[in-house]
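Please look over the sequence and the model, then read the points below by topic.

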Amino acid sequence: MQKDFDGKGSKTIQAMFEEEGLDGDEHGDTLCGACVDNYASDEFWICCDMCEKWFHGICVKITPARAEHIKHYKCPSCSNKRARP
């Protein structure tokens, strides 16, 4: 299932807020799936297209430049899951 906004890459939290006409202050309760820290508007975040959890880019070693080239982002947990037979 694809959840990107422009059809070109993975969804970022900034893109989601822009699409919904919101600012980061309205989503301070969003937690990183890796470090469980709150959202801050000055940080890059990315959403897993599988489990829909949000992650700080730094926690999953994804830069904004690298994210532009990712069509479907899978977090480390989803990447390690094996398909069921």
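Leaving aside its neighbours within four places in sequence, His56 is in contact with Cys32, Cys35, Asp37, Asn38, Glu43, Phe44 and Trp45, where contact means heavy atoms within 4.5 Å. This is a predicted model, in which local features need pLDDT of at least 70 and side-chain atom pairs count only at pLDDT 80 or more, while totals for chains, interfaces and linings use all residues. Residues are numbered from 1 along each chain as its sequence is written, and side-chain values use heavy atoms, with hydrogens and water left out.

**Confidence**

- The average pLDDT of the protein chain is 77, and 62% of the residues score at least 70; pLDDT is the predictor's confidence in each residue, from 0 to 100.
- Over residues 1-8 the pLDDT stays under 50, and for this stretch the model has 18 contacts beyond four places in sequence.

**Overall layout**

- The protein chain has three helices and two strands. Helices (H or I, at least four residues) and strands (E, at least two) are DSSP runs, numbered from the N terminus.
- Read from the N terminus, the order of elements is α-β-β-α-α.
- Of the 85 residues in the protein chain, 36% count as buried. Buried means under 20% relative accessible area, exposed means over 50%, and partly exposed lies in between (1.4 Å probe, protein chains only).
- The protein chain has an accessible surface of about 5900 Å², and carbon and sulfur atoms hold 48% of that surface. Such areas come from the Shrake-Rupley method with a 1.4 Å probe; for residues, only the protein chains shown count as cover.
- Among contacts in the protein chain with a separation of 6 or more, 42% are between residues 24 or more positions apart.

**Nonpolar core**

- The largest nonpolar core has 16 residues, and those with the most contacts inside it are Ile46, Cys48, Phe55, Val60, Ile62, Tyr73 and Cys75. Such a core is a set of buried Ala, Val, Leu, Ile, Met, Phe, Trp, Tyr and Cys residues joined through side-chain atoms within 4.5 Å.
- Strand E1 (45-47) and strand E2 (54-56) each supply at least two residues of this core, and E1 gives the largest share, three residues.
- In soluble globular proteins, nonpolar side chains tend to be buried together.

**His56**

- His56 is located in strand E2.
- His56 counts as buried because its relative accessibility is 4%.
- The side chains of His56 and Glu43 are joined by a polar contact of 3.2 Å. A polar contact is a pair of N or O atoms within 3.5 Å; within protein, one must be able to donate a hydrogen and the other to accept it, and residues adjacent in sequence count only if both atoms are side-chain atoms.

- Ala67 is in helix H2 (residues 64-67) and, at 4% relative accessibility, is buried.
- Ala67 and Trp45 are 22 residues apart along the chain, and their C-alpha atoms are separated by 9.7 Å.
- Ser77 belongs to helix H3 (residues 76-80) and is partly exposed, because its relative accessibility is 45%.
- Ser77 and Gly33 are 44 residues apart along the chain, with 9.7 Å between their C-alpha atoms.

**Cysteines**

- Zero disulfides are found in a search of the whole structure, a disulfide being a pair of cysteine sulfur atoms within 2.5 Å.
- Cys35 is in no disulfide, and its nearest cysteine sulfur, that of Cys59, is 3.8 Å away. Cys35 is partly exposed, with a relative accessible area of 37%.
- The closest cysteine sulfur to that of Cys51 is in Cys48, and the 3.6 Å between them is too far for a bond. Cys51 is partly exposed at 30% relative accessibility.

**Positive phi values**

- Most residues other than glycine have a negative phi.
- Val36 is not a glycine, yet has a positive phi of about 60°. Val36 lies in the loop between helix H1 (13-20) and E1 and is exposed, with a relative accessible area of 55%.
- Lys61, also a residue other than glycine, has a positive phi near 60°. Lys61 is in the loop between E2 and H2 and is exposed, with a relative accessible area of 70%.
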